[in-house]
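Work through the exercises below with the sequence and the model open. Try each task before reading its solution.

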Amino acid sequence: MKSRPRLGVAGAWLLAVALIGLLAPLLANDLPLCARVSGRWSFPAFAALVGRPAPSPDERSWKQWWASLPRGSADLALMPPWPHGPLATAIERQGEGPTFLHPFGSDAAGRDQVARLVHGARPVVLLGGGAVLLGGCFGCLLGALAGLYRGWLDWCLLRLLEIVHALPLLLLLLVGGAFLGESALVLLLVMALLFWSSFARVVRGELLALAEQDYVATARGLGVGGWRLLVAHLLPQLRGQIAITAAFCFASAVLAEAALSFLGLGPGAATGSWGAMLRQGMHALHGGPWHLWLFPAAAIVLTAMACHAVADRCRSGLRE
Amino acid sequence: MRGTPSLLPWLLRRLATLACCLLGVTFAVFAIFEYAPVDRAAIAVARQQADGNFPDQQARDRALQQLRRSPGQVGSSTEPLPQRYLQWLGSALPCWPARPDPATQRAWQRLAAALPRSLLLATLALGLALAVGVLAGTRLAFASGKPGERAASGLLLWLAAMPEFLLGSLAIFWLGPARLGLLPGAGLASPGAEAWPWPLRWLDLLAHLLLPVLVLASGPLVLIVRFLRDSLPRSAAAPFARQWRALGVGEDFLRARLLRNAAAPLATLAGSLLPMLVGGSILVENLFALDGMGHLALTAVLELDRPLAMAILLVSASASLLALLLSDLMHRWLDPRVRLLS
């Protein structure tokens, strides 16, 4: 029996990045998680999480309201673990290096780097994760169909795989983003269009061997339908291979998003993704503050390294 | 030789498949660009606004209305799709009877001027990646348990995860004129190099090409080393290898033969690396200010030059498919089993 590969530090890092990316407004924000103003409860950080406009106590910001609260008042506010927001500028902290209060420093407008890093994980995780999920579902399905029912379907899929493989990811992202609009949806669809081919190739290759097994012939003879055969019997065996492909595709997505933002294109520039932070920091490379480019670069490189490490471990776990 | 199937039918079949795939990919790309449900006028205006062309909102609205009223300016046309597709495809062939429109002609001229530099860069990068990758891959494959192996694997992991633009920027910063001054940071020739004697000119060209080729080769290098590291130990455990060892054959001789066995799949891998080289060349050429196809791609995207973008896509797709065909040919030549069993 194959044992589960221990994913270790790399898996923990990926899990942390995924959680941080998905829950960013709840982890680092200058809006409180929940607050009671004059007896009424409100949840501004959760509103920001789902993209609604966040309620404010009155015309002032939350910090000012908290500062002007009289002692002994029944009003309270629970701040997120990191109480600074990614957009709160502070001119007095312009370009400051790492300090105790702001461990990753502040950028040229005085915004806290930790909060910007946390929020910058969101576009990366949503884009990469969404593309891998969409491409994975389609790719596994098409590859499974081609592997089970051979013939012209298999031939068509092989030609389609060749066609998709001939297109470079970055070029297609650039051209698609320029001519079809620079929205995250377009980038997600283009990435999914190129990722499905990896999944399809892997699933088809494995199923070509698996479909020759005795139990498949037995199941077919017993009248088990193709769908049930796939979902209940064959695809669960390919968990490891699909996970490896997903890890490599996610790494490609992270690096492609960083490259796109570095060239100044793509929606990451507006939402402040890691690639956009790196682009801003690269101007500082020549004699500027080192903390502006090192932390986003480290985030990108460590995430991609973790993906490759997880894939390598899964692969050596499969081989045993 | 009697019994060996000849090359020509196989080659003709593959060429026909290649032509089908090429038509398929170009038609798909063309149709997506023509029929995507996007507001082309709004995209063009948004790009112009990002460039700062509009002093106020009214100028922007006026430009938007003007573009909406005359759809020909943003590239829409009223002819049916197959006719437009054939016209565009025909503009790529020099012997097509119909003359393409001036924008398409200009696009092909720019591309033809930029292609040789990109080819030079890509060929050098692939050659370097193969040479260094085979050496490093064989050392790493047979070094399990040795002290340097974990460090080398860690270095490989880091190189795989490092974005090319970051690697290039750091290399330019540390090795270039800003810090150590060892290598130039941009361009293909130093200023005034045309007046130098040709040995110095070649050295100058080499110095300018070293960093871009190294950065571009990092992606394929990682894939080649990984492939050898995974496949060579497996073939070293094959029955024939055990027999040779038992017969007293030297380890080096055995490893050379194992590498010869791995050459065929390596050729297939090398042929599939072309899309990675094209994508990498976009970043590398823009970073090192080389006027190649990658730089032209970014220009096409920034200027919203549709004929140029489609021409670049066509050229890179055909180059990738051609590289796959060549690598299949190499595989067939290197591995007799493919010839005899097909």
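Two strands pair if DSSP finds at least two bridges between them. Helices (H or I, at least four residues) and strands (E, at least two) are DSSP runs, numbered from the N terminus. This is a predicted model: local features need pLDDT of at least 70, side-chain atom pairs count only at pLDDT 80 or more, and totals for chains, interfaces and linings use all residues. Residues are numbered from 1 along each chain as its sequence is written, chains are lettered from A and ligands numbered from 1 in the order in which they are written, and side-chain values use heavy atoms, with hydrogens and water left out.

**Exercise 1. The two chains**

Task: State how many helices and strands chain A and chain B have. Then find what share of each chain is buried.

Solution. 
- Step 1. Chain A has 14 helices and three strands.
- Step 2. Chain B has 14 helices and zero strands. Its pattern along the sequence is α-α-α-α-α-α-α-α-α-α-α-α-α-α.
- Step 3. Apply the burial rule: buried means under 20% relative accessible area, exposed over 50%, partly exposed in between (1.4 Å probe, protein chains only). Chain A has 320 residues, and 50% of them are buried. For chain B the share is 44% of 342 residues.
- Step 4. Look at contacts, meaning heavy atoms within 4.5 Å. Take contacts between residues at least 6 apart in sequence. In chain A, 67% of these join residues at least 24 apart. In chain B, 72% do.
- Step 5. Box the C-alpha atoms of chain A along the principal axes. The box is roughly 80 × 50 × 40 Å.

**Exercise 2. The sheet of chain A**

Task: Give the strand order of the sheet in chain A. Then list bridge partners, including that of A:Arg36.

Solution. 
- Step 1. The sheet is open, has three strands and runs in the order E2-E1-E3, with antiparallel pairing.
- Step 2. Strand E2 (40–42) and strand E3 (76–78) are the edges, each pairing on one side only.
- Step 3. Neighbouring strands are turned by 15° against each other on average, direction ignored. Axes here are lines fitted to C-alpha atoms, for helices over the stretch in contact, and angles run from 0 to 180 degrees between N-to-C directions.
- Step 4. Take E1(A), residues 34–37, with E2(A): three bridges join them in the antiparallel sense. A:Ala35 faces A:Ser42. A:Val37 faces A:Arg40.
- Step 5. Take E1(A) with E3(A): again antiparallel, over three bridges. A:Arg36 has A:Leu76 in E3(A) as its bridge partner.
- Step 6. Check the hairpin of E1(A) and E2(A). Two residues lie between the strands, and A:Ser38 takes a positive phi near 55°.

**Exercise 3. The interface**

Task: Describe the contact between chain B and chain A by residues and by buried area. Which element of chain B gives the largest share?

Solution. 
- Step 1. Count residues: 51 come from chain B and 40 from chain A.
- Step 2. The size of an interface is often given as the accessible area lost when the parts come together. Buried area is that loss for two parts (1.4 Å probe), summed over both. Here it is about 4000 Å², and carbon and sulfur atoms give 81% of it.
- Step 3. Elements giving two or more residues to the chain B side include helix H1 (7–35), helix H7 (164–175) and helix H8 (198–236). The largest share, nine residues, comes from H13(B).

**Exercise 4. Two residues up close**

Task: Are B:Leu166 and A:Arg159 buried or exposed? Name what each touches in the other chain.

Solution. 
- Step 1. B:Leu166 lies in helix H7 of chain B. Its relative accessible area is 3%, so B:Leu166 is buried.
- Step 2. B:Leu166 touches A:Leu278, A:Met282, A:Ala297 and A:Val301, not counting residues up to four places away in sequence.
- Step 3. A:Arg159 lies in helix H6 (residues 152–165) of chain A. Its value is 17%, so A:Arg159 is buried.
- Step 4. With the same exclusion of residues up to four places away in sequence, A:Arg159 touches B:Thr17 and B:Cys21.
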